[in-house]
Amino acid sequence: MRHKFKRLTCAAAVLGLSAFAAQAQPSWLMPDILSVAKAEGELTIYASMNEEEALPYWKVFEDATGIKIAFVRSSDANIRARIAIEARARQRSWDLVATTPVYNLPDEVLLPFDPPEAKNLIPEARGPNRRWYGVTGNYNAPAYNTNLVKKAELPRSYEEFLDHKEWAGKIAIDATDSEWLTGLFQHYGEERGRKLAQDIAVTLHPVVVDGHLNVARSVGAGEYWVALNNYVPLTVNMKLSGAPTDFWALDPVTLAFGSVGISAQAPHPKAALLAVNYMLSREGQQFLTQKGRLPTRRDVETNPPGIIDVLQQRKIIAPISSAEEQKKMRAAFTEIFRPR
């Protein structure tokens, strides 16, 4: 009887370990393609996420799959330019692009795909042509240095920025904020929105800075007092790191996405699909909230809690426009905010 009990105990232990292993397996792993993805062996990612966040984030994927990541970091504008050049040269040099926003890329550059975790995203974060998906929400709002500007002094609308002539030359804005300008035009109407942006530019002389992260860091460091607009998660990131900075929400809150797409000529397409499923998963998005990124899944809470609830008290506009309209808005932004 002792031997029989021992055998039963061992069998139960084996079953228990198997159950634990199944439970411990990440939910985003796709068993039907995992072996093929592992055989591809590696994955090249073009992304704008800073290395401090990206390297530990992608190590989770590497440890779970054994697939090696080649992470190439650059600004949004430089990534778009590099992809365009390599597409004309028919180079198969990258697998996955993660930047803001991927929908600016031509359709022929991106592969249509349908990762299982995409069904859990908010509707706005699912590209209508299945060529891109939103991983994080880049809600647009002004930010300020809390040591240099009092909360009670903050404008309650974009028109009220014009009442703060003392901020002239002490305001920053990113050089690629044409999505924010699109939201402004849609909210106010193009004529009124253009005049408002022009009046702000003439009155306050915003300094055009290359990179949303640079804007957040500069405001947090006190180099600039205010950001006319920036991505809320980057302001939150600086605040979580101890910088004296915060955002406040005004109508409209333009929503763009830190989004992801797969190259139509990907050398490692299965590994890329598996990587996207990780990015869209609950585990992947929870990891990103550690640094203040805002999720595109409703089952993931923000850090600190309640940020999206605050933003949703304002009018949120998520503009998706054609390549021609995007080109027009980039030209309008450059014209309005050119150095004077």
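**A buried serine**

Mentor: Ser259 counts as buried because its relative accessibility is 1%; buried means under 20% relative accessible area, with a 1.4 Å probe and protein chains only. This is a predicted model, where local features need pLDDT of at least 70, side-chain atom pairs count only at pLDDT 80 or more, and totals for chains, interfaces and linings use all residues. Residues are numbered from 1 along each chain as its sequence is written, and side-chain values use heavy atoms, leaving out hydrogens and water.

Trainee: Which element is Ser259 in?
Mentor: Strand 9. Strands are DSSP runs of E, at least two residues, and helices are runs of H or I, at least four, numbered from the N terminus.

Trainee: What does the side chain of Ser259 reach?
Mentor: The backbone nitrogen of Val102, at 2.9 Å.

Trainee: And what does Ser259 touch?
Mentor: Leaving out residues up to four places away in sequence, its contacts include Val97, Pro101, Trp132 and Tyr133. Contact means heavy atoms within 4.5 Å.

Trainee: New topic. Which residues of helix 6 meet helix 12?
Mentor: Glu190, Arg194, Ala197, Gln198 and Ala201. On the helix 12 side they meet Lys328, Ala332 and Ile336.

Trainee: What classes are in that contact of helix 6 with helix 12?
Mentor: Four nonpolar, one polar and three charged residues. Ala, Val, Leu, Ile, Met, Phe, Trp, Tyr, Cys and Pro count as nonpolar, Asp, Glu, Lys and Arg as charged, and the others, Gly among them, as polar.

Note on methods:
Buried means under 20% relative accessible area, exposed over 50%, partly exposed in between (1.4 Å probe, protein chains only). A polar contact is a pair of N or O atoms within 3.5 Å; within protein, one must be able to donate a hydrogen and the other to accept it, and residues adjacent in sequence count only if both atoms are side-chain atoms.
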